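Let's take a walk through this structure together, one region at a time. Please have the sequence and the 3D view open as you read.

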Amino acid sequence: MEKKVTPNAISIIRSNPAPNPNGDIPELVVQVLDLKIKSTKNSSRYIFTANDGNLKLKGILPVNVESEVLSGNIQNLGLVRILDYSLNDIPYMPEKYLAVFKCEAVSPSIEVEVTSEADPDETRIAKRPKLETEPDVKSEGTGLAWKPKQEGAKEESTGGNLLNPKQEIVSKPAAQMVEEKHTNEGPAARLAMTRRVHSLVSLNLYQVHWMIKVRVTNKGGMRTYKNARGEGCVFNVELTDQDGTQIQATMFNEAAKKFYSKLEMGKVYYISKGTLKMANKQFNTIQHDYEIILNEYAEVEEAMNEESFIPETKFNFVPFDMLSSYVNGKDLVDIVGVVQSVSQTLSIRRKIDNEIIPKRDITVVDDTKNTVVVSLWNDLATGIGQELLDVADESPIVAIKTLKVGDFQGVSLSAISKSLILVNPNITEANKLRDWFDSEGKGASVKPVGYGVPSSVRGGMNSMYSDRTLISHIISDPFMGEDKPVYQNIRVFVRFIKPDQSMWYRACKTCNKKVTDVLGSGFWCEWCQKSDKSCPLRYSMVMNVTDASGEAWVSTFNEEAKSIIGCSADELHQLKLQVNEFTMKPYLQANSFNSIWYQPCVAPFWQDHDQYVMKLKQATWVQYLLRVSVAIQEYNGERKQRMIVKAVAPLEYTAESQHLLEEISKGQV
């Protein structure tokens, strides 16, 4: 390919700062100067200076150009052809900035900078005779109409790229042009014809004026918040363009109230006058470098008759047997499964504001023969949850987007405000799952996710076997857990459980909160504002654990304590009621670490029939893998480190031996 630049390319760009991508864009080949990468916190872009031999213009290359730069196709002193662009104003900058949306490499480095004084034979630049008159743009009106040069005009060429015949610019009001050409079109159609539509992948922080055409593929609920500046409301939507690229748009307060009812799921809109900012990955799960903030002055116009435009919601399904690797992580997942059962709606009191919200659990299975429980909340529980309950006997298929993975009962899923549920969707994965279920899935033996796996309870991406520490490492760091709880895995022996401590409390059957004993009226729950004749006991105790490096006191609650002691709190309470107070008295007086409690080879001084004490003794000197949260708490003006057991797993010697062999091979043991 002959190496040539387009003469006066920069002048052409400046005279047409926002060309219509559907129209004819003139040949624009420029030389790349000062190519360098500009990195931000979440992304990197290449900036450069465009040179046509006469003028220069600073610009930015598209996000997908990195492979071309790394391969050497685009480099300093090389030539590129600009296929789509926009010339934008940059705040506080005296000159405009060229945002290139699409380009292609013409030539690698030609080793010299193109200038108007250079010899054409040396640089092989296409020359164009100087235009006799420059286009005259009048100030009245905002529309421009291009007219071909009068018949008889001659084309001149000097061996470079041929230019279109000289054109005249005729000033004409934009309203008149729209009226002449699109008198029968609706507002959205007229808007599309008078403004340039940008693709989502081309959006960047250097653009001030842009318009996008997108479908609402996910819509979150209206949420309220409270901070130092006061109270407010917020909601967000996920938008998808015709290329399948997604971006999140967020609206606060007045904008949220204005657009919440206007932006409807599945509809297509033209959106403009928004603000771009770097995406906050803590609250944004979409893989886009930016997010859109819309205020009350943003423009949102529905595009009519666009049912076939833009693909529907895209899913990234995770098989059920792979869900364990996402437990308590930041990543949200999509699933598709067959509904096995649907529970009735429960009323749960939320801790943060004491508000009662509805909850419903559904159990689903997929072709990995694993089941998982999905918790639905608020409108999802009462709306589509009720619909699923009505058709549960038909084993419908559900595709659910954006679920949080937790560790309740091993692995569990929970819907959030922007979760989306499709029932019997017409997608490939759902059709394959239906074929599997009808042919073999109905009678297949299934099990809950993580069943029988010692590392089923995870924190982040690491199991108890692959990420472990010592007690001394925790207690030697007084600042561990100061800002937020830190999770650690330890292998320990249970050394001591105080039998005279308050080991349990009466709990509400609904919220598990502590209840008050009302004489003659059962028990009263302040959270649920209701009474019950009977309430179960739940564990809340402390125990001393030890490993080769030291010892520590840890707090243990109901499920974890049941795994260690081997019975429920109600059962242990019954055993305690049978204990002879006289028999316990010598032990309670000797309540110290010098007690023969720690010397299993010596016979205890209490009676063998004291089953309560014996039950606690049986739970000691047993080895467990514990996952604990470490946090700094203040009590009576003193800051102390507190460890809470979050998960318990019995030691499996086969897996432990394998772990030790791996550590030995690494030289760590």
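This is a predicted model: local features need pLDDT of at least 70, side-chain atom pairs count only at pLDDT 80 or more; totals for chains, interfaces and linings use all residues.

Nonpolar side chains in soluble globular proteins tend to be buried together. Here the largest nonpolar core has 34 residues, and the members that touch the most others are Met503, Tyr539, Met543, Leu572 and Leu626. Strand S28, residues 537-547, is the element that gives the most to this core, contributing 5 residues. There is also a second, separate core of 27 residues, and among its members are Val333, Ile335, Ile362 and Val411.

Let's stay with Leu572 for a moment. Which residues is Leu572 in contact with, once its neighbours within four places in sequence are set aside? The list consists of Met503, Trp504, Tyr539, Ile565, Cys567, Tyr612, Lys615 and Leu616.

Leu572 also leads us to helix H12, which spans residues 569-577 and has Ala569, Leu572 and Leu575 as its buried residues. Looking down the axis of H12, you will find these buried residues within an arc of 120°, so they line one face of the helix. What do the buried residues of H12 pack against? Their partners are strand S24 (504-506), S28, helix H11 (558-565) and helix H14 (611-618).

On the H12 side, the residues involved are Leu572, Leu575 and Lys576; on the H14 side, they meet Gln611, Tyr612, Lys615 and Leu616.

Now for the strands. S23 (residues 486-496) pairs with S30 (residues 623-635) in the antiparallel sense, over 8 bridges. Within that pairing, Phe493 has Gln623 of S30 as its bridge partner. S23 is also joined to S28 by 3 bridges, again with the strands running antiparallel, and here Phe496 is partnered by Asn544 in S28.

Another stop is an open sheet of 3 strands, in the order S25-S26-S27, with antiparallel pairing. Strands S25 (516-518) and S27 (530-532) stand at the edges with a single partner strand each, so one side of each is left without a neighbour in the sheet. From one strand to the next, the twist averages 35°. S25 and S26 (residues 522-525) are joined by 3 bridges, and Thr516 stands opposite Trp524 in S26.

Tyr225 has Gly232 in S10 as its bridge partner.

Lys369 has a phi near 65° and is found in the loop between strand S18 (356-365) and strand S19 (370-377). Thr402, with a phi of about 70°, is found in strand S20, residues 397-406. Is each of these residues buried or partly exposed? Lys369 is partly exposed, with a relative accessible area of 35%, whereas Thr402 is buried, at 5%.

Methods
Residues are numbered from 1 along each chain as its sequence is written. Side-chain values use heavy atoms; hydrogens and water are left out. Two strands pair if DSSP finds at least two bridges between them. Helices (H or I, at least four residues) and strands (E, at least two) are DSSP runs, numbered from the N terminus. A nonpolar core is a set of buried Ala, Val, Leu, Ile, Met, Phe, Trp, Tyr and Cys residues joined through side-chain atoms within 4.5 Å. Buried means under 20% relative accessible area, exposed over 50%, partly exposed in between (1.4 Å probe, protein chains only). Contact means heavy atoms within 4.5 Å. The arc is that of the directions from the helix axis to the C-beta atoms. Axes are lines fitted to C-alpha atoms, for helices over the stretch in contact, and angles run from 0 to 180 degrees between N-to-C directions.
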